[in-house]
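Let me put the model up on the screen, and then we'll walk through a few of its contacts.

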Amino acid sequence: MTMPHGMKGLELRRVAVIGVADGIVPAPDAPTPATEDPTARAHAPQRERGLLYVACARASGLLYVSYCGRASPFLPA
């Protein structure tokens, strides 16, 4: 499934969220250009963090999160 648009309202026993690396999550093209809408640009990281949260919160039993290289800044150190 895509993260998390196809997952809304679901509860799964096991969830694997892969590719949670710096430069991928948050998506590099997610921020709105500052010249278009500064307010939307300021909220972009919160929106992206919320998408990751929803994907991870679908797991009722086991959650596996992976990345390659450097972890996303949204993951705890």
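So, to start: how many disulfides does the count come to? It comes to zero. Keep in mind that this is a predicted model, so that's a count from predicted coordinates.

Why no bond for Cys 56? Its sulfur sits 18 Å from the closest cysteine sulfur, the one in Cys 68, and that is too far for a bond. The cut-off here is 2.5 Å between the sulfur atoms. Seen from the other end, Cys 68 is in no disulfide either, with the sulfur of Cys 56 as its nearest cysteine sulfur. And is Cys 68 buried or exposed? It counts as exposed, because its relative accessibility is 71% and the exposed class begins over 50%.

Cys 56, on the other hand, belongs to the largest nonpolar core. That core has nine residues: Met 7, Val 15, Val 17, Val 20, Val 25, Leu 52, Ala 55, Cys 56 and Phe 74. Which elements give two or more residues to it? Those are E1 and H1, and H1 gives the most, with three.

Leaving out neighbours within four places in sequence, Phe 74 touches Val 25, Pro 26, Pro 45, Glu 48, Arg 49 and Leu 52.

Next, salt bridges. The count there is one. Arg 70 pairs with Asp 22, and the closest N and O atoms are 2.6 Å apart. This pair ties together distant parts of the chain: Arg 70 is in the segment after E2, while Asp 22 is in the loop between strand E1 (12-17) and helix H1 (38-57), 48 residues away. As for accessibility, Arg 70 counts as exposed, at 62%, and Asp 22 is partly exposed, with a relative accessible area of 33%.

Last one, Tyr 67. You'll find Tyr 67 in the segment after strand E2 (59-65). What does it contact, if we leave aside neighbours within four places in sequence? Val 20, Ala 21 and Leu 75. Tyr 67 itself is partly exposed, at 44% relative accessible area. And for a sense of distance, Tyr 67 and Lys 8 are 59 residues apart in sequence and 23 Å apart in space, C-alpha to C-alpha.

Terms used:
Residues numbered from 1 in each chain as written. Predicted model: local features only at pLDDT ≥ 70, side-chain atom pairs only at ≥ 80, totals over all residues. Heavy atoms only, no water. Helix = DSSP H or I, 4+ residues; strand = E, 2+ residues; numbered from the N terminus. Buried < 20%, exposed > 50% of the residue type's maximum accessible area, 1.4 Å probe, protein only. Contact = heavy atoms within 4.5 Å. Salt bridge = Lys/Arg side-chain N within 4 Å of Asp/Glu carboxyl O. Core = buried A, V, L, I, M, F, W, Y, C linked by side-chain atoms within 4.5 Å.
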